[in-house]
Structure formats: C-alpha cells, structure tokens
Amino acid sequence: GEGTVAMPTILAQIAPQRSTQYAELATALAPAELRLSTFGDDIGEIQPRQIGGLDYLQFDLRSEPDQDVVQELGLLSMTSAFFVCFDRIADVPGPLLRPIETGVRWTLPHDLLTTRRYRGKTNEMFTRFMLNVARAGSALADRPWETLRVFDPLSGGGTTLFAALILGASAAGVEQNAKDVESTASYLQGFLRTHGIAAQVKHERLKGLGRRHLFTIGKGTRVNVEYVSANP
C-alpha cells in the first residue's frame, strides 16, 4: 500500500562451468550457498530464472544491500554477477538490470587457483564453496577472511590452501606425499615470482617429520602459507 517500501529483487547469475563433469554443480549448490551466507536470513524465496539465455537465481532482500552484504555476495563461489532487477521503470518494461559492484579484490590473482592442472585435483569452485560453508557454519561466520587461518590436513596439490589465500586467509597444510608438497611449493614460488608478488620464502627440514615451506606473501597486509610433508 501507500508508504510501503518494496524489497529489492536481486538476480544472481550462476557461475559458468569450466568442466562438463561439473556442469550442474553451480546450479545445484548456489541456493544453499546463498542461504548459508551471513545475510541468508534476509533472503526471501529463491527462484531460478533465465534471461537472455543465461541462468540466474532470483530472490528478494528485506532491505537495500549494504556494503557488508555486497562484499559477501562477491565472495560467493557458485554465482558470478549480481543485479538489482526492475520489472518496469516508468514506461519502459523490464526486466531491467542494475549491476551491483561488489568491490571484491582478491588477495592474490585468481589464476593461482585455476592455472595449475593435475590428476585428482578438486574442483576449484567446489573448494571455495566448502570454505564458505565451513566459515558460515562456524562461530567465526562474522569474521572477515583476513583474520582467519585455514588448516588442511590432507593438502594434496594445495587447492584448498590456494583458495584460502585468494580469499585473504592464511593457510597451513600437511601432506604425506612429499613429491606433492615439493611440486606445490615450487609452483607457488614460481607463480609469485612471475607475477612480481613480494614474498619471503623459507624452506627447512624438520627432523623426523619432513620438509616445511613457509611463505609470507605481500607487503603491509600479509598472508602466510605453511606446507609440511609428513613422512609415513
């Protein structure tokens, strides 16, 4: 009625898939990631919608998204772009979309996570999804990523470690396969050098355990990654 403020309708574009093996991954998991986010309680019903041949999720928010909500939108894994949707503006029929600038700046280039390919690698989008879900379901849900540290006890080729670094967290991992640890540390060091990213790197042998690679990355605001090879 008169004086009622309409809730903004948001469209979240489903993230494109790099692999046909995971073609339905984002479509299936995007609604759950939205619900589990820090602003999930403010979301109305989530409905799939297609516009111009692209897949979106449509939902209402109780109020215009503030900067915290916008920032969280940009950190989601299964969606890639966001719009306020208008059915009509004056005499112009919709849908009319106003882009939402999330302002997210990854701590490290996203290529760190996607460039390296190896047998058995976990899907990068799913890895980021799991990190988001783990944070959302913990007592640390309201803490920004840059205040957190992620530990992966079965680190393999480092996908989880790299996803954590990109989000802004520090990371630590342990892996029994020493070759995986050495190749991952070598890849990270080469990536940082190629991209001109400042880092202090320390390699050391731990008696009776294995080798540890410690990277302190960046100037001012820093992220750390520590990778240890645990001998059987």
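A residue counts as buried when its relative accessible area is under 20%. By this criterion, 44% of the 232 residues of the protein are buried in the predicted model. The fold comprises six helices and 10 strands. Along the principal axes, the C-alpha atoms fill a box of roughly 75 × 35 × 35 Å. The accessible surface comes to about 12,900 Å², and carbon and sulfur atoms account for 51% of it. Among contacts between residues at least 6 apart in sequence, 56% join residues at least 24 apart.

In soluble globular proteins, nonpolar side chains tend to be buried together. Here, the largest nonpolar core contains 28 residues. Leu 112, Trp 145, Leu 165 and Val 225 touch the most other members. Several elements each supply at least two residues of this core: helices α3 (111-114), α5 (159-167) and α6 (178-194), and strands β9 (210-217) and β10 (223-229). The largest share, seven residues, comes from α5. A second core is separate and holds 24 residues, including Ile 10, Leu 73, Met 78 and Phe 129.

Neighbours within four places in sequence were set aside. Val 225 is then in contact with Leu 161, Leu 165, Ala 171 and Leu 188, among others. Its contacts also include His 213, Leu 214, Phe 215 and Ile 217.

Eight of its nine residues are buried, so α5 is largely enclosed by the rest of the structure. The buried residues are Thr 159, Leu 161, Phe 162, Ala 163, Ala 164, Leu 165, Ile 166 and Leu 167. Two of these, Leu 161 and Leu 165, are also among the contacts of Val 225. Gly 168 follows the helix and has a positive phi, near 115°.

Two packed helices are described by the angle between their axes and the distance between the axes. For α4 (residues 124-136) and α5, the angle is about 65° and the axes lie 9 Å apart. The crossing of α4 past α5 is right-handed. On the α4 side, the contact involves Thr 127, Arg 128, Leu 131 and Asn 132. On the α5 side, Thr 159, Thr 160, Ala 163, Ala 164 and Leu 167 take part. The residues of this contact divide into four nonpolar, four polar and one charged. Of the α5 residues in the contact, Thr 159, Ala 163, Ala 164 and Leu 167 are buried.

Note on methods
Residues numbered from 1 in each chain as written. Predicted model: local features only at pLDDT ≥ 70, side-chain atom pairs only at ≥ 80, totals over all residues. Heavy atoms only, no water. Core = buried A, V, L, I, M, F, W, Y, C linked by side-chain atoms within 4.5 Å. Buried < 20%, exposed > 50% of the residue type's maximum accessible area, 1.4 Å probe, protein only. Helix = DSSP H or I, 4+ residues; strand = E, 2+ residues; numbered from the N terminus. Contact = heavy atoms within 4.5 Å. Axes fitted to C-alpha atoms, helices over the stretch in contact; angles between N-to-C directions. Left-handed = near helix turned anticlockwise from the far one by under 90°. Nonpolar A, V, L, I, M, F, W, Y, C, P; charged D, E, K, R; others polar. Areas by Shrake-Rupley, 256 points an atom, 1.4 Å probe, with all protein chains shown as cover.
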